[in-house]
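Here are my notes on this one, point by point. Have the model open while you read.

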Amino acid sequence: MRAGAQPGSLDRATKDFLSARPQLFGVAYRILGSAVEAEDVVQETWVRWQNTDRAQVREPAAFLTTVATRLAINVAQSARARRESYVGPWLPEPVDTAQDPQLGAERAEALEMAVLLLLQKLNPVERTAYVLREAFDYPYRRVAEILETTEANARQLVSRGRRHLAAERKEPVTPEAHRRLLEVFLSAARTGDLLVLEGVLAADVVSYSDGNGIRGASRIPVVGRPHVSRYLVAFAPRFWPRAETRWVEANGRSAVLVSSGEQPVALLTADISADGIDRLMWVMNPAKLAPYVASLSD
């Protein structure tokens, strides 16, 4: 008899799924950098779980994670082509981590916006191996099983991810220092204070504006302290006079939600090291802002 036909089996299946759900979303989100796509993966996992002969499944959480992970890899592979037609820089979709700082993981690894952005440069399998090992503390044997590869190859995939991040990103400052420097930056950006901006920006700073073609979002990254600081000064009179700001949390770090007439127009996040602000990330795409803002009021 199929497990789905047994009395009470759907209740058991629902409990097992709900118990695993935070982890399923956490894995998919880190692989995809999109909360909407991650939610789609979770829902498809639920559909497949209902149609599975669950009597043959000894460890529901492990089975569900495997299904969700492989689905996420498939979505990531198809997303590459879609993002080639994206207008301007692409940034991960922000998530509110105030209630779940780890976002379903053992550790809050691969969660900050800058890390998710850098992980997108890896292929989906490399990215997945890194996420499973570093965020969810999966043993290499289990990573290999999920990815249908050898344990030795799983180790190589994780090592590749570590090397990539180490080469591309400096050691971040503490959350307290991050908030302090972002406060100084925000004040200077609003007033167009060139000297202060130059003092808080790293020499090789990059500013990304993700608007997918909307007005006011730069279609190319702005690179280097002189260019970014002057861009911000020129930007200030048009952007800040009617703007209201709210401190929020996004992807485990302090961030600034910018609104105009009660309408959210941007979420500002930053990657900050001892050298100053290394990356400014402005999420301006309404399709990415709306779910994040909605989650703040839940």
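1. Residues 113–165 are 77% helix and 0% strand, with end C-alpha atoms 13 Å apart. Helices (H or I, at least four residues) and strands (E, at least two) are DSSP runs, numbered from the N terminus. UniProt, in an unreviewed entry, lists that stretch as "domain: RNA polymerase sigma factor 70 region 4 type". UniProt positions follow the numbering used here, feature names are shortened, and annotations may be inferred rather than shown by experiment.

2. Before going further, bear in mind that this is a predicted model: local features need pLDDT of at least 70, side-chain atom pairs count only at pLDDT 80 or more, and totals for chains, interfaces and linings use all residues. Residues are numbered from 1 along each chain as its sequence is written, and side-chain values use heavy atoms, leaving out hydrogens and water.

3. Two strands pair here if DSSP finds at least two bridges between them.

4. β3 and β4 (residues 253–260) run antiparallel and are joined by eight bridges. Glu-244 sits opposite Ser-259 in β4, and Ala-250 has Arg-253 as its bridge partner. The two strands make a hairpin with two residues between them, and Asn-251 in the turn has a positive phi of about 55°.

5. What lines the largest cavity? Its lining includes Glu-112, Arg-169, Ala-250, Asn-251 and Arg-253. β5 (263–273) and α4 (113–119) each supply at least two lining residues, with the largest share, three, coming from β5. A cavity is a set of points on a 1 Å grid over the protein atoms alone where a 1.4 Å probe fits but cannot get out; lining residues have an atom within 4 Å of a point.

Definitions and conventions:
On a 1 Å grid over the protein atoms alone, a cavity is a set of points where a 1.4 Å probe fits but cannot get out, and a pocket is an open set with protein on both sides within 12 Å along at least five of seven lines; lining residues have an atom within 4 Å of a point.
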